[in-house]
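Me: Hi! I'm new to this one, could you walk me through it?

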Amino acid sequence: MAWRTGRGMADDDVAPWSTMPTWAMHEVAKHVEKACGAPGLLAMSCCCRNWRTVVVEDARTLSHLQFRFDCQQHQGAQRGPQAMGRKYRRVPGFAHVQSLPLLLRNAWRAGNPSATAHVAEVMEWNGDVVQALRLHLEAAKGGQRRSMVRVATAYYHGEGNMAWDAEEALRWFKKAVGGYHQGKMNGTKQVENENGSFVDRHGAMDEKSHAQNERQDVKLQAQAALMLGFMHLDGEGTKTDVAEAVKWFKKASSHGNGEAQKQLGVLFNTGQY
């Protein structure tokens, strides 16, 4: 492979890729990211050491990349996560993190919320619940709705290093219902999806992927709204308020949650509301 060192088309203007200066590589990476998103950058990082260095060590790129993964495979420790087309096996300690793509690992270490949520899922599947919840809390603070729901659930049940705290659970469920769409704090249009690949900050995804991402986001909102309904109905973390519970059940029901629809039927048929 070669690159042109000047504007002309003469053979003298052609040089090996290995001679391209770093600043020029960064410019190429910007165009690849804009045109292809994170998949293109991941492919670049696999070409050679020089390209890998440019992609995986660029702070600007690492800070705003958004990752998505198979939502069906990340529902809990009973299923193995799949991301970027690879399957993970259970291994002790932090060794499983080293098996993740370098781009993802560096983005996580750079504080990227999307990458942090992804790593948290992998850690939890490998049995490290305490560390996973710590990372989920970081990702939740960064605007990742999936992590907001996970943190709220952990506080509700008292999991890992999170002692039972109904008020904190209530607070995080509310954030999940009205919180940021995944990654919007960084100006992204879409991030997480169900096909095990990436999407960049420009929201470069096809129509099918966009629809899948929206469905998952709505599902998370409905799940959080359902829990808020039960917590207000039972007075957990707040005073008992049937009217407020019905409001949240209706919200969850409007997002297609069948359990919320059943609960509304019970409340109406028994005259509780």
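Me: How do H12 and H13 sit relative to each other, and why?
Reply: H12 and H13 are oblique to each other, since their axes come within 8 Å and cross at roughly 140 degrees. Angles run from 0 to 180 degrees between N-to-C directions, and the axes are lines fitted to C-alpha atoms, for helices over the stretch in contact. Under 35 degrees counts as roughly parallel, over 145 as roughly antiparallel, 65 to 115 as roughly perpendicular, and the rest as oblique.

Me: What kind of model is this, and how are residues numbered?
Reply: It is a predicted model, where local features need pLDDT of at least 70 and side-chain atom pairs count only at pLDDT 80 or more, while totals for chains, interfaces and linings use all residues. Residues are numbered from 1 along each chain as its sequence is written, and side-chain values use heavy atoms, with hydrogens and water left out.

Me: Back to that helix pair: which hand is the crossing of H12 and H13, left or right?
Reply: The crossing of H12 and H13 is left-handed, meaning the near helix is turned anticlockwise from the far one by less than a right angle; clockwise would be right-handed.

Me: Which residues make the contact?
Reply: From H12 there are Val246, Phe249, Lys250, Ala252 and Ser253, and from H13 there are Ala260, Gln261, Gln263, Leu264, Leu267 and Phe268. Contact here means heavy atoms within 4.5 Å. By class, the contact of H12 with H13 has seven nonpolar, three polar and one charged residues. Ala, Val, Leu, Ile, Met, Phe, Trp, Tyr, Cys and Pro count as nonpolar, Asp, Glu, Lys and Arg as charged, and the others, Gly among them, as polar.

Me: Is glutamine 263 buried or exposed?
Reply: Glutamine 263 is buried, with a relative accessible area of 15%. Buried means under 20%, exposed over 50%, and partly exposed in between (1.4 Å probe, protein chains only). Not counting residues up to four places away in sequence, glutamine 263 touches Phe230, Leu233 and Phe249.

Me: Phe249 again! Where else does Phe249 turn up?
Reply: Phe249 is among the residues with the most contacts inside the largest nonpolar core, along with Val151, Met162, Trp172, Phe173 and Met231. That core has 34 residues. A nonpolar core is a set of buried Ala, Val, Leu, Ile, Met, Phe, Trp, Tyr and Cys residues joined through side-chain atoms within 4.5 Å.

Me: Which helix gives the most to this core?
Reply: H11 does, with eight residues.

Me: New topic: how many helices and strands are there?
Reply: The protein has 13 helices and six strands. Helices (H or I, at least four residues) and strands (E, at least two) are DSSP runs, numbered from the N terminus. Of its 273 residues, 49% count as buried.

Me: What about H6 and H7, how do they cross?
Reply: Their axes come within 8 Å and cross at roughly 110 degrees, so H6 and H7 are roughly perpendicular to each other. Leu104, Ala107 and Trp108 in H6 meet Ala115, Thr116, His118, Val119 and Met123 in H7.

Me: And how are H3 and H6 arranged?
Reply: H3 and H6 are roughly parallel to each other, with axes that come within 10 Å and cross at roughly 30 degrees. In this contact, Arg52, Val55 and Val56 of H3 meet Leu102, Leu103 and Asn106 of H6.

Me: How exposed is leucine 102?
Reply: Leucine 102 is partly exposed, with a relative accessible area of 32%.
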